[in-house]
Amino acid sequence: MAGHTDNYFLKMIQNLRKHEDVLLYDNILNTTVEDEKEVVDFLNEEYSLEALNHPYQSPEFNSHASLWAAKTVYISAQLILYRENKDADLSTLLPGFTSEVNTAAVLSADLCLRFLPDLIIQLKLIDSEDALIQVLEATLKQWHYSSVRYTQDIDLLDFAVVNSDPCLHQLYCNRIVQQRSMALAKHPVFYDSIRSQLGIYGSELWNEFSLSNHSS
Amino acid sequence: MAEDVASDINYYLAIDETNKADLAQIRQWSKLKVGLEESILWVKDFDYAQINSVEVKSIPFKTLYYSKGSKLYLLNSQLPDRPLPSVLWTPIERALPVRLPSFNHNYFGIHEKINIQLVSSDVEAEPVAMILPMEILSTYITIAPAVRLEKIRWTILDGDNAFLLGKPLLPLPGDTYWQRKDLLLPTGFDLELSILSDVIQKRINPGRDCWAIWNADASYALVPKENVHPLSLMSFRLSSKRFSKDTSE
C-alpha cells in the first residue's frame with residue numbers, strides 16, 4: 001500500500017479536479033505504472049459523473065487520452081515550478097498524443113486539459129519567453145475544446161471532430177456561450193447553432209452576441 | 001351702511017311638540033333658538049328670507065308669528081294674537097339632537113365567509129413557471145443547450161410531472177403559471193378578489209418558504225422552496241433514475 005499513499009501524481013490530479021488547485025509535493029517527473037492505473041481509475045469515475053451532463057449519447061471513456069492529458073498537466077506544472085531541464089528535453093518530457101483524436105478522446109482528455117490555459121497564464125507571468133509556452137500552446141491548438149477561454153488563432157483550428165459528433169458539438173456550444181467567447185461563436189461551425197439556441201432570448205442570455213448579429 | 005330694516009322684525013314659529021321631527025330641515029340654520037312652552041315648541045330668530053323659504057313653508061301644522069312690543073302677531077295680520085312666550089331658549093342644534101341609526105351599512109359579519117375563486121383575466125402576465133410531463137422534458141433536455149437550463153429551477157411533482165421555475169421558460173408544451181408573490185396562478189387566470197392575495201399568502205404560507213401552485217378550480221398545492229433545485233442534465237438524469245428506483249421498490 002506504500003505506493004498508494006505516495007502516489008503524488010494521483011494526489012495532484014485529485015486536488016486539481018476537486019479544488020482546482022495545483023499542489024505539488026516534489027520534483028518527480030517519472031510516474032510508475034501503478035500510479036498511472038490509479039489515476040486512470042479516478043479519472044474514469046470523474047468522467048462517468050461528468051457524462052451525466054453530456055447531451056445526446058455520451059462516448060465511452062478513453063483511458064489512453066485521459067492519462068496522456070493528466071500526465072501533460074502534471075509534468076507541465078512540475079516544469080513551471082522546478083525547472084531543472086533544458087528546453088531540448090521538453091519534447092521528450094511532453095510527448096504528443098499519438099492515437100486517433102475522436103470525441104471520446106477529446107472529452108476524456110478535457111478532464112485535465114481544461115486546466116492547461118490557466119497554467120500557461122501563470123507561466124507567462126513568470127517568464128513570457130519560456131519555450132514551454134509554445135509547446136503547451138501547440139497542445140491546446142490540437143485540443144481546442146479545452147481552451148475556449150484561451151485566445152487562439154481560430155482559423156488554424158481543426159473542427160472535423162467537433163462537426164462529426166452532436167454531443168461534442170453541443171458541449172462546445174455550451175462552453176462558448178458560458179465563456180462568452182465571441183470569436184468562436186462567430187465561427188461558421190457554431191454560429192447557426194448558437195444563434196438558434198439563444199433564439200428570441202438572445203438579448204437576455206447573451207446580449208453582446210445578439211447585438212453583434214443586428215449590426216452585421 | 002344702513003341697518004337692515006327687515007331684520008328688526010322678529011319672527012316666531014310655533015309647532016306642537018309631537019311634530020318636532022318636522023323641524024329637521026331647518027335644523028341646519030344654527031342661529032335659530034328653540035324653547036318649549038308646555039306642549040308647544042317655539043322657534044325664533046328667523047330672518048325674512050328664512051321665514052319665507054321653502055323649508056319653513058313645507059313644515060306642516062305650524063303657526064308663524066311676528067313680534068311687536070311684547071305681543072305676537074300672526075304673520076300677515078295686524079291684530080295681536082298672544083303675548084310673547086316666556087321660555088328658556090336654547091340653540092336649535094342642542095334642542096334637537098341628532099341620533100344616528102343603529103344599523104351600520106359598512107358592517108360585514110365576521111362569521112360570513114368568502115369563497116376564493118379564480119376567474120379568467122385579461123391582464124397579461126409573463127409566465128414564470130410550468131408543469132409538464134417528465135417524458136416531454138426528458139426528450140428535450142438531452143439535446144438542450146446548457147444556457148437555457150441555467151436559469152431554471154425544478155422539482156418532480158408526483159413522479160409523472162416536472163415543475164419548472166424560472167425565466168425564460170423552456171420551449172415545451174405544458175401548463176404555465178404566473179407569479180404573484182409566492183402564489184403561482186395559472187396563466188389567463190387571476191384571483192377573483194385579487195386584493196386578498198396578501199391575506200391568502202399569509203394564511204396558507206406564513207413563512208414564505210413554499211410556492212403555492214394554484215389550479216383553475218381554486219385548489220392549490222404547496223411546494224417547499226428548498227426542494228426546488230437548479231435544473232441541469234445531470235440533475236435530471238440522477239433524479240429520474242432515483243425516482244424510478246423508488247417507485248419500483
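A salt bridge is taken here as a side-chain nitrogen of Lys or Arg within 4 Å of a carboxyl oxygen of Asp or Glu. The model is predicted, so local features need pLDDT of at least 70 and side-chain atom pairs count only at pLDDT 80 or more, whereas totals for chains, interfaces and linings use all residues. Residues are numbered from 1 along each chain as its sequence is written, chains are lettered from A and ligands numbered from 1 in the order in which they are written, and side-chain values use heavy atoms, with hydrogens and water left out.

Chain A is divided into domain 1 (2-147) and domain 2 (154-216), with bounds that come from an automatic or database domain assignment. The C-alpha centres of domain 1 of chain A and domain 2 of chain A are 26 Å apart. Contact (heavy atoms within 4.5 Å) involves 18 residues of domain 1 of chain A and 14 residues of domain 2 of chain A. Buried area is the accessible area (1.4 Å probe) that two parts lose on being put together, summed over both. Between domain 1 of chain A and domain 2 of chain A it is about 1300 Å², of which carbon and sulfur atoms give 69%. On the domain 1 side of chain A, the most area is lost to domain 2 of chain A by Thr103(A), His144(A) and Tyr145(A), together 47% of what that side buries. One salt bridge is found across the interface of domain 1 of chain A and domain 2 of chain A.

A salt bridge joins the side chains of Asp110(A) and Arg175(A) at 2.9 Å, N to O. Arg175(A) also lies over the face of Tyr145(A), 4.1 Å from the ring centre; the criterion is NZ of Lys or CZ of Arg within 6 Å of the ring centre and within 35 degrees of the ring normal. In chain B, the charged end of Lys225(B) sits over the ring of Trp211(B), 4.7 Å from its centre.

Rings of Phe, Tyr and Trp (its six-membered ring) pair if their centres lie within 6.5 Å, and planes under 30 degrees apart count as stacked, over 60 as edge-to-face and the rest as tilted. The count is 17 aromatic pairs over all chains. Phe97(A) and Trp143(A) form an edge-to-face pair, with 5.2 Å centre to centre and 75° between the planes. Buried denotes under 20% relative accessible area, exposed over 50%, and partly exposed in between (1.4 Å probe, protein chains only). Phe97(A) is buried, at a relative accessible area of 10%, and Trp143(A) is buried at 2%. Trp42(B) and Tyr65(B) form a tilted pair, 5.4 Å centre to centre with 40° between the planes. Both Trp42(B) and Tyr65(B) are buried. Ring pairs also link Tyr145(A), Phe159(A), Tyr172(A) and Phe190(A) into a cluster.

The contact between the chains takes 17 residues from chain A and 16 residues from chain B. About 1400 Å² is buried between chain B and chain A, of which carbon and sulfur atoms give 61%. In chain B, Val147(B), Met234(B) and Arg237(B) lose the most area to chain A, together 34% of what that side buries. Leu205(A) counts as buried because its relative accessibility is 5%. Apart from neighbours within four places in sequence, Leu205(A) is in contact with Arg180(A), Leu198(A), Val147(B), Arg148(B), Lys151(B) and Pro168(B).
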